[in-house]
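Open the model in your viewer and keep the selection panel at hand. The tour below goes from stop to stop, with a note on what to select at each one.

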Amino acid sequence: MKLVKLVVVSLVFFFFFPNHSSASDTIKPNQSLSDSAGQTLISAGQIFQLGFFSPKNSENRYVGLWYKNLPQDTIVWVLNRDNPLENSSGLLTINPTGNLVVLSNQSRNPIWASNSSAQNPTLQLLNTGNLVVKDGGTGKIAWQSFDHPCDTLLAGMKLGWDLETGRNWYLSSWTGPEDPSTGNYTYEVDPRGLPQLIQRKGSEIQYRSGPWDGVRFGGDPPMSPNPIYNPVFVFNSSHVYYTYEIYDTTTITTFRLNPSGSIEQFRWSYERREWVTVYTLQKDQCDSFGHCGPNGVCNVNQNLICHCPSGFEPKVAKDWERFDWGGGCVPKTRLNCSTEKGFKKLSRLKLPYGSKFLVERNVVRGEDCRDVCSRNCSCVAYALSQVSGCMLWFEADLLDMTEYNVGGQDLYIKMAASELGSDNIGKRTAIIISVSVLSVFLTLILVAGLIIWKRISNSHTSQERMLTNQDEDQHSNVLSEDVELPSFDLDTIMNAIDNFSSENKIGEGGFGPVYKGVLPTGEEIAVKRLSKDSGQGIIEFKNEVILIAKLQHRNLVRLLGCCIHREERMLIYEYMRNRSLDLYIFNQTKGTALIWQKRFDIIVGIARGLLYLHRDSRLRIIHRDLKASNILLDNEMNPKISDFGLARIFGGDQNEVNTKRVVGTYGYMSPEYAIDGLFSVKSDVFSFGVMVLEIVSGKKNRGFDHPDHDLNLLGHAWKLWNEGRPLELVDVLVKDVHEVEVVRCIQVGLLCVQKRPEERPLMSAVLFMLDSENALLPQPKQPGFYVERVSSEVDSSSSWNQPYNSTELTVTKLQGR
């Protein structure tokens with residue numbers, strides 16, 4: 001009887017209260033969240049919760065977002081911050097046209113509206129904390145809360161500009177700890193010239209980070225990841241913004257602009273059950289904007305933190321004696337257009353802030369930038385940046401300069417030549433000494449050159465070449481090798497490829513162009529020509545000659561010979577009629593030709609070739625640039641690993657090597673290599689795992705896009721695996737798959753891309769797992785680099801089928817000061 005009553009009550013509630021929404025992440029048109037009913041949205045992963053709230057000591061009601069499993073007063077976003085409700089009669093709803101509104105149930109008048117439009121709209125709270133209005137027709141996002149930050153920057157939010165649309169993402173403080181309305185302080189990116197982060201109180205600047213130079217802001221350390229999050233700064237022709245990503249959902253960290261104006265990063269401590277301050281942005285007096293006044297330089301490491309640059313003096317000396325530096329500095333000798341002038345170099349500076357400055361992006365040389373400033377009477381200083389080019393300051397005082405022990409940039413201040421007298425004498429003396437030493441040195445070089453030339457001309461010319469196996473950042477140890485490799489004369493190759501005819505060109509990469517040719521015997525060949533402008537060079541050329549000449553395996557491309565004639569250097573390979581793997585797995589038409597069995601055979605073939613490199617060859621090779629475009633396919637679609645220009649030989653007792661020169665292709669590089677320069681056989685294993693997931697899915701890891709999340713392919717595969725839906729990763733063009741085999745490949749791929757190198761299997765274990773149907777495989781752990789970043793689709797190394805492009809996009813990891 002009790003059960004019957006319960007059912008009746010439930011039915012009555014359902015029919016008479018149709019707008020009731022349980023704790024889901026979505027509402028549809030004509031549904032609503034009711035404040036009086038205490039209804040909320042909860043993200044699918046139970047991370048964020050959205051609903052109505054009142055700050056302490058306030059009766060106003062707001063729609064806000066907070067962490068579900070943390071204290072509710074941790075509000076990270078407020079929808080109607082400047083339009084509160086006066087009581088609990090509020091409703092949040094989305095109408096059929098896609099407009100999100102907050103209204104009072106008493107008056108039914110809108111209190112707030114998104115002014116968005118969409119067909120068959122849905123309002124959804126994502127696991128990132130992003131509240132989105134989705135268009136049911138296109139699947140696109142018509143409106144999102146991440147475009148309207150408040151005082152808190154969550155992972156995935158942007159701080160900066162969309163330069164094409166003019167949208168500005170910035171933080172604005174609460175008015176007070178109990179008042180979420182827009183306060184006095186803002187924190188945003190100033191995109192002019194070299195972008196920088198600026199905090200304002202009203203219209204007055206309180207703090208600025210210093211300009212972005214492609215590596216760091218001002219005097220911050222070079223950008224590198226930290227154990228809590230991965231910050232990213234993007235600067236290109238269409239966007240300039242800061243964002244960050246967290247390693248996993250168990251880490252909770254936010255950036256907050258407090259009502260007092262302080263900017264802090266917080267981390268939630270599960271042990272202490274409270275927010276812990278990781279760092280505060282303004283750390284010392286020099287972070288206070290313009291602390292030393294116009295033209296003054298601040299340095300916290302000096303007893304008197306403010307000083308005037310050489311050639312300047314305090315504007316009011318008595319004030320400086322009383323430690324009042326607000327008046328700043330003035331030139332000792334006033335400049336006019338007829339005064340003989342020069343430039344004083346100041347190093348390791350936070351470049352000045354100026355209301356009048358110009359950026360000449362086409363001027364990239366220091367002397368040219370100097371000439372531009374010299375010719376303009378109004379120019380007072382210049383600096384050269386590899387990011388933005390030549391920066392010029394005009395007619396205004398130089399504000400907010402800080403001197404660092406490390407970091408910073410060079411600034412050249414124009415001043416009267418009389419103020420540079422002592423410096424010029426020293427420079428002339430240095431020049432005389434330098435010229436004398438250089439003359440003696442050049443004479444010795446000429447004599448030595450003549451001796452070497454005589455010896456070479458009297459010796460038998462051979463094609464014995466030297467291979468460097470040490471990185472450029474170490475003391476290079478160049479090894480001499482006897483290369484038993486056929487040599488082709490230049491005329492034979494030129495005839496084979498029709499004198500570098502564009503019709504014979506089949507690709508271009510970091511090494512240079514690749515041409516198809518036919519030898520007099522009728523054998524088809526592929527010719528890689530070392531370009532003079534190549535990003536790679538003679539070291540990579542020699543590397544490839546030595547390595548591949550000594551390697552023989554059915555899953556490695558075969559080198560037929562080389563051609564060396566004066567400055568011309570070419571490698572001659574067997575021609576792969578089916579070109580490279582990326583043309584098939586990333587191409588929706590050709591992709592149909594690769595049935596599952598062929599994909600599986602390619603995965604196994606690559607694994608066998610890689611195992612040969614790591615263990616079974618005469619040399620122990622780390623490839624360092626494994627990717628789909630470096631896997632060539634013969635007539636029977638058998639995979640062959642190619643492009644050994646970046647490969648390294650490991651000694652028998654070496655397990656890991658550190659390098660400062662990180663080469664390869666982003667999207668395939670392991671975290672320890674891309675971040676710390678550490679590479680080993682496990683670096684290749686990571687790249688192999690990426691390729692496995694790409695072959696299974698038909699999707700690229702870099703640039704992967706999914707409407708429900710911002711994960712890259714690794715993160716998407718990891719998500720599906722944890723949710724027990726791995727088969728959803730399979731390319732939709734693949735039919736009749738062997739499900740057990742597919743799941744095993746996905747599991748192996750995830751094992752190979754695990755974040756920690758010691759947790760990844762060796763290639764011998766990988767091949768065993770692939771070949772054994774009954775092998776018991778371990779459960780994969782979190783992959784490395786599984787959150788997508790904004791980046792361009794550019795391979796940084798060579799390819800036989802993709803045109804080589806440069807990128808204007810700068811993506812760099814940031815670290816707080």
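Select Cys337 first. In this predicted model, Cys337 is exposed, at a relative accessible area of 57%. Cys377 is partly exposed, with a relative accessible area of 37%. Show the sulfur atoms: Cys337 and Cys377 form a disulfide, and their sulfurs lie 1.8 Å apart. The torsion about this S-S bond is about -105°, so the link of Cys337 and Cys377 is left-handed. Next, colour the flanking elements. Cys337 belongs to the loop between β28 and β29 (341–350), while Cys377 belongs to the loop between α3 (366–375) and β31 (379–385). The pair links distant parts of the chain, 40 residues apart.

**Next stop: Cys308 and Cys329**

Select both cysteines. A disulfide joins Cys308 to Cys329, with 2.1 Å from S to S. Turn the view to the S-S bond: at -85°, the link of Cys308 and Cys329 is left-handed. Cys308 sits in the loop between β26 (306–307) and β27 (312–314). Its partner, Cys329, is in strand β28 (residues 329–331). This pair too links distant parts of the chain, here 21 residues apart. Are these cysteines buried or exposed? Both Cys308 and Cys329 are buried.

**Next stop: Cys286 and Cys298**

Move to Cys286 and Cys298. Their sulfur atoms are 2.0 Å apart, and the two form a disulfide. The S-S bond of Cys286 and Cys298 has -80° about it, a left-handed link. Cys286 has 4% relative accessibility and counts as buried. Cys298, at 2%, counts as buried as well.

**Step back: the disulfide count**

Number the bonded cysteines of the protein chain in sequence order, and the pairing reads 1-3, 2-4, 5-6, 7-10, 8-12, 9-11.

Two further cysteines are worth a click. Cys150 has 2% relative accessibility and counts as buried. Cys752 is buried too, with a relative accessible area of 0%.

**Next stop: Asp151**

Select Asp151, in the loop between β12 (141–144) and β13 (152–153). Asp151 is buried, yet it has no salt bridge. Which side chain of opposite charge is nearest to Asp151? It is Arg256, 4.8 Å away. A salt bridge needs a side-chain nitrogen of Lys or Arg within 4 Å of a carboxyl oxygen of Asp or Glu. Now show what surrounds the residue. Setting aside neighbours within four places in sequence, Asp151 is in contact with Val76, Leu171, Ser172, Ser173 and Trp174, and also with Phe255, Arg256 and Leu257.

**Last stop: helix α13**

Select residues 763–771, helix α13. Show side chains for its buried residues: Met763, Val766, Leu767, Met769 and Leu770. Look down the axis of α13: these buried residues fall within an arc of 160°, so they line one face of the helix.

Note on methods
Residues are numbered from 1 along each chain as its sequence is written. This is a predicted model: local features need pLDDT of at least 70, side-chain atom pairs count only at pLDDT 80 or more; totals for chains, interfaces and linings use all residues. Side-chain values use heavy atoms; hydrogens and water are left out. A disulfide is a pair of cysteine sulfur atoms within 2.5 Å. Buried means under 20% relative accessible area, exposed over 50%, partly exposed in between (1.4 Å probe, protein chains only). Helices (H or I, at least four residues) and strands (E, at least two) are DSSP runs, numbered from the N terminus. The arc is that of the directions from the helix axis to the C-beta atoms. Lys and Arg count as positive and Asp and Glu as negative; His and the chain ends are not counted. Contact means heavy atoms within 4.5 Å.
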